[in-house]
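Welcome! Take a moment to look over the sequence and turn the model around before reading on.

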Amino acid sequence: MVAMVEEINKVGVVGLGTMGAGIVEVFARAGFTVTGVEIDDAALERGRTHLEKSLAKAVAKGKLTEDEQRAILGRVTFTTSRDDLADAHLAVEAVPERLDIKRSVFADLDRILPPAAILATNTSSLSVTEIAALTSRPGKVIGLHFFNPAPVMRLVEIVTTVVTEPHVRETATQVVTRLGKTPVAVGDRAGFVANALLVPYLNHAVAVYEQGLATREQIDAAITSAAGFPMGPLTLMDLVGLDVLLDVMDVLWDEFRRPRYAAAPLLRRMVAAGLLGRKSGRGFYDYSGADNPAEP
Ligand code: 3HC
């Protein structure tokens with residue numbers, strides 16, 4: 001008999017960077033009990049601060065009452081021990097995009113969570129099938145791909161593999177609906193759907209910038225004012241992280257080998273130089289407050 005979770009109420013989120021902390025907020029706001037897990041106390045504090053600041057901002061704007069803020073924070077616990085997920089119904093992994101790190105996380109989740117629990121990954125560049133194969137329950141591994149900023153963006157891609165059990169896909173879809181998000185079912189292909197469309201467009205903006213066809217401000221303004229996007233491509237790249245985007249470009253290239261999936265040389269150089277966007281203080285724009293920083 002296939003073991004199934006009756007109802008998802010207790011959720012673990014492993015990795016509390018920008019995406020993980022945002023995912024904790026999304027689940028806690030929707031009434032789930034959430035355990036946020038990080039590797040050490042410093043990373044845990046960064047995740048906690050991220051959540052607290054985001055909620056405080058919502059209160060200051062009058063979007064959330066202080067009682068709601070207290071209730072949301074009361075549903076979240078933080079820990080550095082993955083063992084604390086022993087009674088979770090669902091774990092969402094949002095650690096860095098390296099298979100060696102995912103391997104250790106999924107080995108632990110597989111060992112610690114009950115056999116019926118669902119293990120989800122927020123990966124944007126690794127194969128969900130390969131991650132599923134790291135566990136003894138590949139049918140219960142699924143992709144839940146959130147977009148940045150997770151509390152704001154409505155889409156969540158539900159990535160199934162050839163071995164995902166149907167009830168796991170159904171449960172994941174119900175959970176995403178309970179989060180107030182829009183679930184879209186996609187297959188396990190490089191870039192899934194949204195990034196396969198979005199990331200080559202962003203990469204093309206880098207090529208346009210690199211060729212000197214326009215300034216960074218002109219490129220961004222062209223898209224915000226002509227196409228009505230909320231952010232220009234270079235500003236969006238700084239938000240998402242150039243390293244994340246390069247990873248997606250490289251998997252698209254590896255899988256399809258088409259010229260449109262070749263990463264712009266400047267993108268690769270910027271990542272090598274540590275110009276990753278907001279999170280590193282500098283990408284296409286400078287966020288460090290330095291005087292007259294050079295353009296990349
Ligand atoms: N956390 C929580 N809420 C946030 C937030 C964050 N990090 N950033 C913005 N918000 C909220 C604000 O509080 C505000 O809420 P309100 O309407 O209730 O007051 C609302 O979002 C709008 O924010 P702002 O007024 O500060 O600024 P903008 O109107 O410029 O919106 C934005 C900011 C929502 C980021 C908007 O510019 C946007 O939608 N940008 C495009 C983002 C995008 O395309 N994301 C997808 C990236 S691809 C990806 O993530 C996939 C990955 O795999 C690579």
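**The ligand site**

Please keep in mind that this is a predicted model.

| Residue | Atom of the residue | Atom of the ligand | Distance |
|---|---|---|---|
| H145 | side-chain N or O | oxygen | 2.8 Å |
| N148 | backbone N or O | nitrogen | 2.8 Å |
| N195 | side-chain N or O | oxygen | 2.9 Å |

On its own, the ligand has 1,000 Å² of accessible area, and the protein covers 64% of that.

**Aromatic rings**

How many aromatic pairs does a search of the whole structure find? The search finds five. One of the pairs joins F27 and F32, with ring centres 5.1 Å apart and planes at 85° to each other, an edge-to-face arrangement. Both F27 and F32 are buried. Through ring pairs, F27 and F32 also belong to a cluster with F146.

**R137, a buried arginine**

Is R137 buried or exposed? R137 counts as buried because its relative accessible area is 8%, and the cut-off for buried is under 20%. A polar atom of the R137 side chain sits 2.8 Å from the backbone oxygen of D110. Setting aside neighbours within four places in sequence, R137 is in contact with D110 as well as L109, L113, P114, P115, A116, A117 and L119.

**L275, after α11**

The last stop is L275, in the segment that comes after α11 (265-272). L275 has a relative accessibility of 14%, so this leucine also falls under the 20% cut-off and counts as buried. Which residues does L275 touch? Not counting residues up to four places away in sequence, they are L242, M270, S280, R282, G283 and P296. For L242, the separation along the chain is 33 residues, while the C-alpha atoms of L242 and L275 are 7.5 Å apart in space.

Definitions and conventions:
Residues are numbered from 1 along each chain as its sequence is written. This is a predicted model: local features need pLDDT of at least 70, side-chain atom pairs count only at pLDDT 80 or more; totals for chains, interfaces and linings use all residues. Side-chain values use heavy atoms; hydrogens and water are left out. Buried means under 20% relative accessible area, exposed over 50%, partly exposed in between (1.4 Å probe, protein chains only). A polar contact is a pair of N or O atoms within 3.5 Å; within protein, one must be able to donate a hydrogen and the other to accept it, and residues adjacent in sequence count only if both atoms are side-chain atoms. Contact means heavy atoms within 4.5 Å. Accessible areas come from the Shrake-Rupley method with a 1.4 Å probe; for residues, only the protein chains shown count as cover. Rings of Phe, Tyr and Trp (its six-membered ring) pair if their centres lie within 6.5 Å; planes under 30 degrees apart count as stacked, over 60 as edge-to-face and the rest as tilted. Helices (H or I, at least four residues) and strands (E, at least two) are DSSP runs, numbered from the N terminus.
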